[in-house]
Structure formats: structure tokens, C-alpha cells
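Trainee: Can we go through this one together? I have the viewer open and a few things to ask.

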Number of protein chains: 2
Amino acid sequence: MNKEELLTVTALNSWKLVIGRFDQGLTNLSEEQLQKQIAPGKNRLFYLLGHLTAVHDRMLPLLGIGERLYPELDETYITNPDRALPDLVSASDLKKAWREVNTRLTAAFEGFTVTEWLAKHGSVSEEDFVKDPARNRLAVVIARTNHVSFHSGQAVLAS
Amino acid sequence: MNKEELLTVTALNSWKLVIGRFDQGLTNLSEEQLQKQIAPGKNRLFYLLGHLTAVHDRMLPLLGIGERLYPELDETYITNPDRALPDLVSASDLKKAWREVNTRLTAAFEGFTVTEWLAKHGSVSEEDFVKDPARNRLAVVIARTNHVSFHSGQAVLAS
């Protein structure tokens, strides 16, 4: 492995670790436990799971991996706050969607060449990317990893 | 900038962004507000700040940057849970320590060559590092960035 590859593997390890920990926490939760709030009056675990699934699903087109699998989640779990709209799916279907999206992303990331990691993502213009080539796909994956960590810190408060 | 450098700059941007956001949140908090808990019966913001400062201070020797500045924080903010021991310092001194440690770390990271990013950190043995060269300094910085994100997700609940 050359230096460039080792750098991308190091970042990808972090994605896998953070997703793996969140997933492990989820596996042990019943449908009822997923309805718990992280703190009084705050988001339910179910909402956090829907939110993370929708945000990760958006990465598929953003990083040129493919079409979205669950665009219908956005309105309930991104656009609106928790409990504004009824849940769209059962807990087991939502867990399945979460895993499907992440499995697809991780498989794609494992196949990225260094040039693909450093390619521009779908939300930055050609002009802006020339000015700041750090607005690349790796930056998106590192940001989303931190986003999962942010909500993981909240999720542990419910237990 | 070559590809290797661009990869490390991308990861370093994430560190700066996450630290900067946490810092911005802190700046607006009074001594009294720092005593708030993130949720009933959970850690105070003050404890989180002490905890993150101590953990980051440990990075100085871990990453070969220098001696620790505030080793006395560990017992109160790492070894023991919140409120087990009285606070060691005032809020303004703790904020100052937090900023001093991070300023020192960020300056060192900005000077790291790619080879230094990929060097082993202080908690991995030579044997283990040969087996898994992804246990390098970059891995530590990405992990600590996610650790700040984890507690940032909690800190926002107090407001």
C-alpha cells in the first residue's frame, strides 16, 4: 500500500468504526426502546435513526455512487422536526434501510481510488472546487462520520 | 499541493471545523451556564470541557509534539465521573487551557509532513504498527475529532 492509499484507508477505518458502533447500539434496542427520547422533550432514537439513514442515502448521488434508495425519508426525518409527522416505516424496516444504505456506501468507498477520493462531490461547483480542492469526496465522508458521532453522543443518553 | 498533502489537509480541515464550532459555542457561555447539565442527572458542560481539554492535552506526548501542559486535569475529568471531585479551576482558566492546548496541537498538525502523519503514535507497539500501519497519527486525530463531535452532540442539548 502506498502512502496515499494508507491515508484513505485510515479515514475509511474511522467511518467503519463509527458506523459499526452505532449499529451495535441499535441491534440491542427493541421497537419500544427506539421510541425513547434522548432527553425529556428531545428527539427520539427512532428519529435519529431515520435522520441518519436519510442523510446517508443522500450520499449515494452526492458521491456519484448511484441513485437514492429512500428519498421518501427526507420529509419526515430531515425537513421536519421529530413528531411533526407520523413515522413512515416500522423499526425493523428502518433498521434494514439503515444497514442497506451503509453497506452500499462502504462497498463503494472500499473501491474508490485515491483520484476518486479527491474528486469533487455533487454539491460544489467546478469554480469553487478549483479554488478549494479540499472540498472533495473524502471531506464529505469525514464530515458524515462526525455527524454520526454527534448523534451517537446523544443516543447514549437515552440508555 | 500533491495528492498526499491534499488528503491530510482535508482531514485537518475537519479537526479545525469541529474544534472551531465547539469553541464558538463555548465563547457565548457564562460561568453559570457552564454549570448546566446536558440532560437531567448527566454531565455538566463544565465537565465536558475539562474532559476534552484533558484528552487533547494527552495528545501532545502521544503524537510526539511535546510535554503535557495540564496533566492535573485527568483525575477530575477523565478518571472520575462528573461531580465526584470539586472543579480544579475557574471557567475562564479552563477555557484558556482548552484554547492553549488546541492552538498548540493545530500548529503542530499544520507542520506535519505526510511521513509524520503516517508515523506510529505513542500507544501502539512497533510490532502492532508493522501489522497495521493504519494505527498512525492521522488515525488519532480523526478519532479525537469524532470524540469532540460526540460530546458536541450532547453539549447542544443543554441550551
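Mentor: Start with a definition: a charge sits over a ring if NZ of Lys or CZ of Arg is within 6 Å of the ring centre and within 35 degrees of the ring normal. Keep in mind that this is a predicted model.

Trainee: Which ring does the charged end of Arg137(A) sit over?

Mentor: The ring of Phe112(A), with the charged end of Arg137(A) 5.2 Å from the ring centre.

Trainee: And in chain B, where does the charged end of Arg137(B) sit?

Mentor: Over the ring of Phe112(B), 5.2 Å from its centre.

Trainee: Back to Phe112(A). Which residues do ring pairs link into a cluster with Phe112(A)?

Mentor: Trp15(A), Phe109(A) and Trp117(A) are linked with Phe112(A) into that cluster by ring pairs.

Trainee: How many aromatic pairs are there over all chains?

Mentor: The count comes to 14 aromatic pairs over all chains. One of them is Trp15(B) with Phe109(B), an edge-to-face pair with 5.3 Å centre to centre and 75° between the planes.

Trainee: Where do Trp15(B) and Phe109(B) lie in chain B?

Mentor: Trp15(B) is in helix H1 (residues 3-27) of chain B and Phe109(B) is in helix H4 (residues 91-111) of chain B, so the pair ties together parts that are 94 residues apart in sequence.

Trainee: Are Trp15(B) and Phe109(B) buried or exposed?

Mentor: Both Trp15(B) and Phe109(B) are buried.

Trainee: Next, Phe46(B) and Tyr77(B). Why is that pair tilted?

Mentor: The planes of Phe46(B) and Tyr77(B) are at 45°, so the pair is tilted; the ring centres are 6.4 Å apart. Phe46(B) belongs to helix H2 (residues 45-62) of chain B and Tyr77(B) to helix H3 (residues 73-79) of chain B, and the pair links these distant parts of the chain, 31 residues apart.

Trainee: Is Phe46(B) buried or exposed? And Tyr77(B), buried or exposed?

Mentor: Phe46(B) has a relative accessible area of 2%, so Phe46(B) is buried. Tyr77(B) is buried as well, with a relative accessible area of 0%.

Trainee: Moving to helix packing. What is the crossing angle of H2 and H4 in chain A?

Mentor: Helix H2 (residues 45-62) of chain A and H4(A) cross at roughly 35°, and their axes come within 9 Å. H2(A) passes H4(A) in a left-handed crossing.

Trainee: Which residues of H2(A) and H4(A) meet?

Mentor: From H2(A), the contact residues include Phe46(A), Leu49(A), Thr53(A), His56(A) and Leu60(A). From H4(A), they include Leu94(A), Trp98(A), Val101(A), Leu105(A) and Phe109(A). By class, the contact of H2(A) with H4(A) has 12 nonpolar, four polar and three charged residues.

Trainee: What about between chains: how do H1(A) and H7(B) pass each other?

Mentor: H1(A) passes H7(B) in a right-handed crossing. Helix H1 (residues 3-27) of chain A and helix H7 (residues 137-155) of chain B have axes that come within 9 Å and cross at roughly 35°.

Trainee: Which residues make that contact between H1(A) and H7(B)?

Mentor: On H1(A), Leu7(A), Thr10(A), Ala11(A), Ser14(A) and Val18(A); on H7(B), Leu138(B), Ala139(B), Ile142(B) and Asn146(B). The contact of H1(A) with H7(B) has six nonpolar, three polar and no charged residues.

Trainee: What does Ser152(A) touch, leaving out residues up to four places away in sequence?

Mentor: Ser152(A) touches Phe22(A) and Phe150(B). Ser152(A) is in helix H7 (residues 137-155) of chain A and is buried, with a relative accessible area of 13%.

Trainee: And Arg99(A), what is it in contact with beyond its neighbours within four places in sequence?

Mentor: Asp23(A), Leu26(A) and Thr27(A) are in contact with Arg99(A). Arg99(A) lies in helix H4 (residues 91-111) of chain A and is partly exposed, at 31% relative accessible area.

Trainee: Last topic, backbone. What is phi of Arg83(A)?

Mentor: Near 70°, a positive value in a residue other than glycine. Most residues other than glycine have a negative phi. Arg83(A) is in the loop between helix H3 (73-79) and H4 of chain A, and is partly exposed, with a relative accessible area of 43%.

Trainee: And phi of Arg83(B), what is that?

Mentor: Phi of Arg83(B) is also near 70°. Arg83(B) lies in the loop between H3 and H4 of chain B.

How values were computed. Residues numbered from 1 in each chain as written. Chains lettered and ligands numbered in written order. Predicted model: local features only at pLDDT ≥ 70, side-chain atom pairs only at ≥ 80, totals over all residues. Heavy atoms only, no water. Axes fitted to C-alpha atoms, helices over the stretch in contact; angles between N-to-C directions. Helix = DSSP H or I, 4+ residues; strand = E, 2+ residues; numbered from the N terminus. Left-handed = near helix turned anticlockwise from the far one by under 90°. Contact = heavy atoms within 4.5 Å. Nonpolar A, V, L, I, M, F, W, Y, C, P; charged D, E, K, R; others polar. Phe/Tyr/Trp six-rings, centres within 6.5 Å; stacked < 30°, edge-to-face > 60°. Buried < 20%, exposed > 50% of the residue type's maximum accessible area, 1.4 Å probe, protein only.
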